[in-house]
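The sequence and structure are shown first.

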Amino acid sequence: MSAATRTIRCPNCQKYNRVPAAAQGVPKCGNCHRPLPWIADADDAGFAEVAEQATIPVLVDLWATWCGPCRMVSPALEKVATDLAGRIKLVKVDVDASPTLSRRFEVQAVPTLMVLDRGEVIARQAGAAPAPALRQWVDRALADRTSTTAGSPGSGGTP
Ligand SMILES: [Zn+2]
């Protein structure tokens, strides 16, 4: 299932592109070569490849089919992924189909949203929010990430 692709419309030229769930770098439009919004699905089996090994930060949407607020937040997240195309990847995880991930991230409520940077959770929040608020939250997480990578004296201490 790791070779899954999604058809995503280029927000710039409106052409449809097939975008793989996992790839090196960032997907670009075959027609106008602008970065495409990257939206992928992952489950217990695919999460490592699709989310943790991604080369750009990942916005994880832990959602459930029976969850009303999830259906509301989904288009807002897709808008954020479109606005931040090339800078963030949106990965949607159906918690009922991914029991291992639900336990690992101790999901108490859906939707739970997380920003992952190379597999590490750098921001997390539960509950739906409108697109502008989500965008601010993601922007802040990405800004924190830049400042910590730049200012950190290095984190040794491997066991
Ligand atoms: Zn295009």
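## Strand β4 and its neighbours

In β5, Val-91 is the bridge partner of Val-60. Strands β4 and β5 (residues 89–94) run parallel and are joined by six bridges. Strand β6 (residues 112–117) runs antiparallel to β4, with five bridges between them; here Leu-59 stands opposite Val-115. Two strands are taken to pair if DSSP finds at least two bridges between them. Strands (E, at least two residues) and helices (H or I, at least four) are DSSP runs, numbered from the N terminus.

The model is a predicted one, in which local features need pLDDT of at least 70, side-chain atom pairs count only at pLDDT 80 or more, and totals for chains, interfaces and linings use all residues. Residues are numbered from 1 along each chain as its sequence is written.

## Burial of β4

Six of the six residues of β4 (residues 58–63) are buried. A residue is buried if 20 or more other C-beta atoms lie within 10 Å of its own, exposed if 12 or fewer, and partly exposed in between, with C-beta atoms placed from the backbone. Val-58, Val-60 and Leu-62 point one way from the strand, whereas Leu-59, Asp-61 and Trp-63 point the other way.

## Helix α2

Helix α2 (residues 68–83) forms a right-handed β-α-β unit with β4 and β5; right-handed means that, with the strands pointing away from the viewer, the path from the first strand over the helix to the second runs clockwise. The 16 residues of α2 reach 24 Å from first to last C-alpha, close to the expected 22 Å, the expected span being 1.5 Å times one less than the number of residues.

At Ser-74, α2 bends by about 25°, and Pro-75 follows within four residues. The bend is the angle between axes fitted to the seven residues ending at a residue and the seven starting there. Buried residues of α2 are Cys-70, Val-73, Leu-77, Val-80 and Ala-81.

## Loop residues

Gln-53 lies in the loop between α1 (47–52) and β4. Gln-53 is partly exposed because 13 other C-beta atoms lie within 10 Å. Its C-alpha atom is separated by 9.2 Å from that of Asp-117, 64 residues apart along the chain.

Most residues other than glycine have a negative phi, and most peptide bonds are trans. Gln-14, however, has a positive phi of about 70°, and Glu-106 one of about 45°.
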